[in-house]
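These are my notebook entries on one protein model. I set down what I looked up, entry by entry.

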Amino acid sequence: MPRDREHFILQNLGRAQVFKAKGGGSPKRPNNVADRAAHALALLQALDHLPDVTADDRPGVYLQVAGRPGEVMITSGLDASGLTLLKVAPAVAANQAASATVFASEKGLGKLRQKIEDFRDKNRTKQDGSEGRPYNADLVLSIGTIVEAGLRALWRSPSHKFPVGNDPRPWEIWLGRETAAKFIDGAAELGVVISADRLTFPEDIVVIGAATSEALALAVRRLGGVRALAAPTVTADYFDAMDIEGQVEWVDELVGRTTFQNEPNANYITLLDRGVSRAHPLIAPALAVADRHAAQPGWSVEDQVGHGTQLAGLALFGDLTVALQTMNPIQVRHRLESAKIIPDAGHNPHHLLGAVTRAGINAAEMTGERRRTFTMANTTEDDTPHDGAPTSWSSEIDQLTSGASGENNIKRLMLISAGNTNQNVYGNGDYLAVCDHPDNEVESPAHAWNAICVGAFTEKNALPDGEAGTPLAPFGDLAPSSRTASWSSHWPLKPDVVFEGGNWLIHGAPPPMKHPALSLLTTNHQYPMRSFTTTGETSGATALAARAVTELWADYPDLWPETIRALFVSSARWTPKMRSHLPANPAKGDYSPLFKRYGYGVPELERARRSASNALTLIVEDTITPYRVANKPSAQHIHNEMKLFQLPWPVEELRNLVNAPVTLRVALSTFIDPNPSEPARGSKFRYASHNLRFKLNRPNEDQAAFLARISKAAEQPDGPIVEEDDNWSYGRNRRDVGSLQIDELVCPASDLARRNLIAVHPVAGWWKTKTVEDPQNRQARFALIVEIDAGETNAQLYAEIHAAIANLNVVAAAV
């Protein structure tokens, strides 16, 4: 089909040419052979002018089939093999026609054409042998016109709510369950940003997509799978505003279709907060009486304020706005623990914050050994700005996660909120400039090296019908409440990831206001007086992140905390709105504002889990002894070993792809022991016990040359930049900081086939200093995640690599 016609249809949202019987106006009902032939011809011409689904490689075409004014429209023949009846709109007046929206596959179009031709050419035979009515007469005679359907034909909300203009806005998109994945996977490339939230019904999956009308029309035409469109309607304020009895009924319904995890080896989310109320029916099945603790023995374990109970609801169910609307059974796959670290009255002295956090963790761990995701949505602004340098609290977090502190010498997975901005400093203008100001830098202890720092973004951009005001943040961008990292690249990138934190409302004079419709729905600590409440900001985002990472760990219970952190953070990507702040051809330095606001972006669990035919993930868990005593007296110890991995690339498949672009993404995760002494606070090489880096060999660079190059780079961590090549997206300045390094490169597949060596090597750390007597006895664990993605190619990468994984060649080499 010509591109200009496609563009016309997109621009006009399906208002294509209408083919009618002669005479103008609505087609006359055929009452003789000539009229019958003319009517059939008009309908066949209409089918001829539909897009060629074979040439366009489309799953089918959406049809808007109009009936005849004043007549009943027969639609049974429009819901048959290859034809899916999506909507029937009755006539609103006696002189108007009913209409139907139909999705027709290539097979369905052929069947519809055959029905019309049979109507034109064939008559049925009556029982007495005489000639009867034409074949398919009821169906064909009731059709007045056939055109390609536009977005309005799929609209199920009141017509006055259909978006006017072509600016980006949220749409409620109803997808068939069998076809939803294809639409969701392909929508972003066509300009439709799909929210992470899902509603699941017996035949439909409902998502929110942000797009212009033109972009959505293109996605619908190219991808198919859309069963209906609507205005986003049910937001958190709908449930929050209910009376007591109404809320209780919704809670009872949700409890009735929820299965709670009760296995002894379950994963736990341990909330370090203000306590959690067990009175709520959505929380009690997941929180045992014995699993509520306090940092101080004399403190109550109840939640008197509500913050901890709000986080508990999100950690179990996510945004309850979604859970309440779905009809399917829900399985909560993890359990809760609560460790109160904030007293009901007064506050913790600043110098005790690290100690009280440790006491809360120790109290929880007295229960026994469990896989715990420690989650803390409490920060302090007393020492802000700290410019990214360690504080006493962040240093204790690093000790707790590395196992250097706490009664149990174990590694710990921990999430901390980035901290919230002050809405009173905002006007109605560029909120990102306020978020980026140094006064709004990430609060302590969220800048700890080993913890996952969680910031907030938002897809909450829809207000109830008739509500005055405008959401402050656009769909998919930073939530106004989220703090950012204003410091230089000397310290770790923070936040690591972002999750939904809600939006604010502009209505009249500043400052912007919080609004329930732009918030997350969760559990209220005052049950049964109130069942629901709204929350958000980075606290809510952190609870959602804890739920997601714990579900990932439940899938892979044998992996280390360091590994889960790497898989989780490396799965994150920036939304199209976030990427819109980049120039057309970004250089390495252009990514800095994105890292400071969003970290690596929004994690996607399916990406973290997958190892499909066109993408695979290699996971290595290993140890390294980074330093040893020099053979002769010296001021410093020397580097001891590197780990070299020969990657089992699917060489033949990569070569077959020739110049097709392949993405390689590498993540290296280790937990450092901190040294926050005053001289060390100014140097990442003296704060961290050890610093590890990864390097990839160049095309055609053999092992000897590669090792020589890496050895030289390892001895000069602060020296000249030594890059593998210019293909790395983020580069050394963004990558070689903190205890988690992630980078990616895009290169021709044939080049990647020749880059099969990856090294993990040490650079300086305080274990390397002369004050450490036994560096050769200090091992460090690390996790290495290597992912290759061939995009939409048909490469069978996994098939070739599967057999080679068992023979992964790991060698220790002298540095």
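Entry 1: a term to settle first. I take a residue as buried under 20% relative accessible area, as exposed over 50%, and as partly exposed in between. I looked up Arg120 with this rule: its relative accessibility is 33%, so Arg120 counts as partly exposed. Its side chain meets that of Asp121 in a salt bridge, with 2.8 Å from N to O. I also note that the model is predicted.

Entry 2: the whole chain. I looked up the overall make-up and found 24 helices and 36 strands in the protein chain. The chain has 815 residues, and 58% of them count as buried. Its accessible surface comes to about 32700 Å², and carbon and sulfur atoms account for 49% of that. I then turned to contacts between residues at least 6 apart in sequence; 79% of these join residues at least 24 apart.

Entry 3: salt bridges. How many salt bridges does a search of the whole structure find? The search gives 39. As background, I wrote down that side chains of opposite charge can pair when their charged atoms come close.

I looked at the pair Glu604 and Arg607, whose side chains meet in a salt bridge at 3.4 Å, N to O.

I next looked up Asp622, which forms a salt bridge with Lys643; the closest N and O atoms are 3.2 Å apart. This pair links distant parts of the chain, 21 residues apart: Asp622 belongs to strand S27 (residues 615–624) and Lys643 to strand S30 (residues 641–646). Both Asp622 and Lys643 are buried.

I also recorded a network of salt bridges that links Arg693, Arg732, Arg735, Asp736 and Asp743.

Entry 4: a charged patch. Which residues form the negative surface patch? I found Asp243, Glu245, Glu249 and Asp252. One of them, Glu249, lies in helix H8 (residues 244–256). Glu249 has a relative accessible area of 58%, and because exposed means over 50%, it is classed as exposed.

Entry 5: a covered helix. I looked up helix H6 (residues 213–223) and found it mostly covered, with nine of its eleven residues buried. The buried residues of H6 include Ser213, Arg221 and Leu223. Ala215, Leu216, Ala217, Leu218, Ala219 and Val220 are also among the buried residues of this helix. Just after H6, Gly224 takes a positive phi of about 65°.

Entry 6: I found Thr357 in helix H11 (residues 353–365). Is Thr357 buried or exposed? Its relative accessibility is 0%, so Thr357 counts as buried.

Which residues is Thr357 in contact with, leaving aside its neighbours within four places in sequence? I listed Leu272, Ile341, Met376, Trp393, Ile397, Leu400 and Met414. I also looked up the distance to Glu396, which is 39 residues from Thr357 along the chain; the C-alpha atoms of the two are separated by 8.5 Å.

Entry 7: cis peptide bonds. I noted a cis peptide bond that joins Lys494 and Pro495, with omega about 0°. Pro495 is found in the loop between strand S21 (477–478) and strand S22 (497–500). The peptide bond from Tyr527 to Pro528 is also cis, and its omega is near 10°. Pro528 lies in the loop between strand S25 (520–523) and strand S26 (532–535).

Entry 8: Asn136 is a residue other than glycine, yet its phi is positive, near 55°. I located Asn136 in the loop between strand S5 (131–134) and helix H4 (137–141). Val658, likewise not a glycine, has a positive phi near 55°. The place of Val658 is the loop between helix H19 (651–657) and strand S31 (661–669). At 43% relative accessibility, Val658 counts as partly exposed.

Key. Residues are numbered from 1 along each chain as its sequence is written. This is a predicted model: local features need pLDDT of at least 70, side-chain atom pairs count only at pLDDT 80 or more; totals for chains, interfaces and linings use all residues. Side-chain values use heavy atoms; hydrogens and water are left out. Patches are made of residues with over 30% relative accessible area and no salt bridge: like charges are joined within 9 Å, nonpolar side chains (Val, Leu, Ile, Met, Phe, Trp, Tyr) within 5 Å. Accessible areas come from the Shrake-Rupley method with a 1.4 Å probe; for residues, only the protein chains shown count as cover. A salt bridge is a side-chain nitrogen of Lys or Arg within 4 Å of a carboxyl oxygen of Asp or Glu. Lys and Arg count as positive and Asp and Glu as negative; His and the chain ends are not counted. The place of a charge is taken as NZ of Lys, CZ of Arg, CG of Asp or CD of Glu. Helices (H or I, at least four residues) and strands (E, at least two) are DSSP runs, numbered from the N terminus. Buried means under 20% relative accessible area, exposed over 50%, partly exposed in between (1.4 Å probe, protein chains only). Contact means heavy atoms within 4.5 Å.
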